[in-house]
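Open the model in your viewer and keep the selection tool at hand. This tour tells you what to pick next and what to look for there.

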Amino acid sequence: MAIAQATAEDARRAGEVPVGAVIVRGDDVIATGFNHPIRGHDPSAHAEMVALRAAAQALQNYRLPGCELYVTLEPCLMCAGAIMHARIARVVFGASDSKTGACGSVVDMFANERLNHHASVTGGVLADECGRALQNFFAERRRLAREERDARRAREATSGDPSQTKTN
């Protein structure tokens with residue numbers, strides 16, 4: 001999970017939501033990934049998806065049997081579906097996601113007996129630390145947005161009504 005947390009920090013530095021993932025097989029790190037849907041203009045560029053793609057390339061196989069996925073935030077439905085198709089054996093996540101979590105928070109994809117693959121799931125590993133990284137990120141974004149809004153209002157107040165400004 002420490003590697004996933006470090007990878008989440010890479011996402012934060014890139015201005016993305018700080019979620020990181022790592023895929024391991026035994027003691028070997030196969031691939032890592034972090035969120036970058038904003039920068040990549042790709043709604044599927046979640047940390048898990050990035051790590052799954054990289055692991056599949058590294059192993060030259062779209063199936064990843066015997067691999068485990070560690071991720072700092074509970075996977076969503078899209079990611080859970082990809083995890084299932086990749087045949088990941090185990091999913092370990094940090095913080096739960098009460099809005100889109102698909103490993104028990106909103107739905108539990110891996111407990112659905114009608115589906116053909118079931119990874120074992122362990123949640124809450126370093127949950128406080130993983131959750132704090134997300135909370136701090138969004139608090140900082142809100143703070144920056146407030147500062148930007150306040151600066152814009154201050155500029156408008158000192159320059160008069162911006163709709164009355166003449167241009168040549």
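## Start at a histidine

Select H117. Leaving aside neighbours within four places in sequence, H117 is in contact with M84, R87 and I88. Keep in mind that this is a predicted model. H117 sits in the loop between β4 and β5 (120–122). Is H117 buried or exposed? H117 has a relative accessible area of 14%. The cut-off for buried is under 20%, so H117 counts as buried. H117 and I23 are 94 residues apart in sequence, and their C-alpha atoms are 18 Å apart in space.

Look for it in the loop between α2 (37–40) and α3 (47–59). H46 has 24% relative accessibility, so it counts as partly exposed. Show its contacts. Beyond its neighbours within four places in sequence, H46 is in contact with N35, C76, M78 and C79.

Move to C76. This residue lies in the loop between β3 (68–73) and α4 (77–86). At 13% relative accessibility, C76 counts as buried. Which residues does C76 contact, apart from neighbours within four places in sequence? They are H46, E48, T100 and A102.

## The annotated active site

One of those contacts of C76 is E48. Select E48. UniProt places the feature "active site" here, again in an unreviewed entry. E48 is found in helix α3. E48 is buried, with a relative accessible area of 3%. Now display what E48 touches. Not counting residues up to four places away in sequence, E48 touches A21, L69, V71, L73, E74, P75, C76 and C79.

Rolling a probe the size of a water molecule over the atoms shows where empty space is left. The largest pocket has a volume of about 580 Å³. Of the 23 residues that line this pocket, the closest to its centre are L73, D97, T100, L134 and F138. Select those five. Which helix gives the most to the lining of the largest pocket? Helix α5 (residues 127–159) does, with seven residues.

## Follow the strands

Switch to a cartoon view and colour β3. This strand is mostly covered: five of its six residues are buried. Look at its partner β1 (residues 20–25). Four bridges join β1 to β3, and the two strands run antiparallel. Find V24, which stands opposite E68 in β3.

Now find β4 (residues 90–95). Five bridges join β3 to β4, and these two strands run parallel. To see the pairing, select L73: it stands opposite A95 in β4. Trace the chain between the two strands. The path goes from β3 through α4 to β4, and this β-α-β crossover is right-handed.

## Around the hairpin

Go back to β1 and colour β2 (residues 28–34). Six bridges join β1 to β2, and the two strands run antiparallel. In β2, the bridge partner of V22 is T32. Then zoom in on the turn. The hairpin of β1 and β2 has two residues between the strands, and G26 takes a positive phi near 65° there.

## Last stop

Finish at V125. This residue lies in the loop between β5 and α5. Is V125 buried or partly exposed? V125 is partly exposed, with a relative accessible area of 28%. Show its contacts. Leaving aside neighbours within four places in sequence, V125 is in contact with M1, V92, F93, G94 and C130. V125 and V71 are 54 residues apart along the chain, and their C-alpha atoms are separated by 9.5 Å.

Terms used
Residues are numbered from 1 along each chain as its sequence is written. This is a predicted model: local features need pLDDT of at least 70, side-chain atom pairs count only at pLDDT 80 or more; totals for chains, interfaces and linings use all residues. Side-chain values use heavy atoms; hydrogens and water are left out. Buried means under 20% relative accessible area, exposed over 50%, partly exposed in between (1.4 Å probe, protein chains only). Contact means heavy atoms within 4.5 Å. Two strands pair if DSSP finds at least two bridges between them. A crossover is right-handed if, with the strands pointing away from the viewer, the path from the first strand over the helix to the second runs clockwise. On a 1 Å grid over the protein atoms alone, a cavity is a set of points where a 1.4 Å probe fits but cannot get out, and a pocket is an open set with protein on both sides within 12 Å along at least five of seven lines; lining residues have an atom within 4 Å of a point. Grid points are joined across faces, edges and corners, and a volume is the space filled by probe spheres set on the points. UniProt positions are given in the numbering used here, feature names are shortened, and annotations may be inferred rather than shown by experiment.
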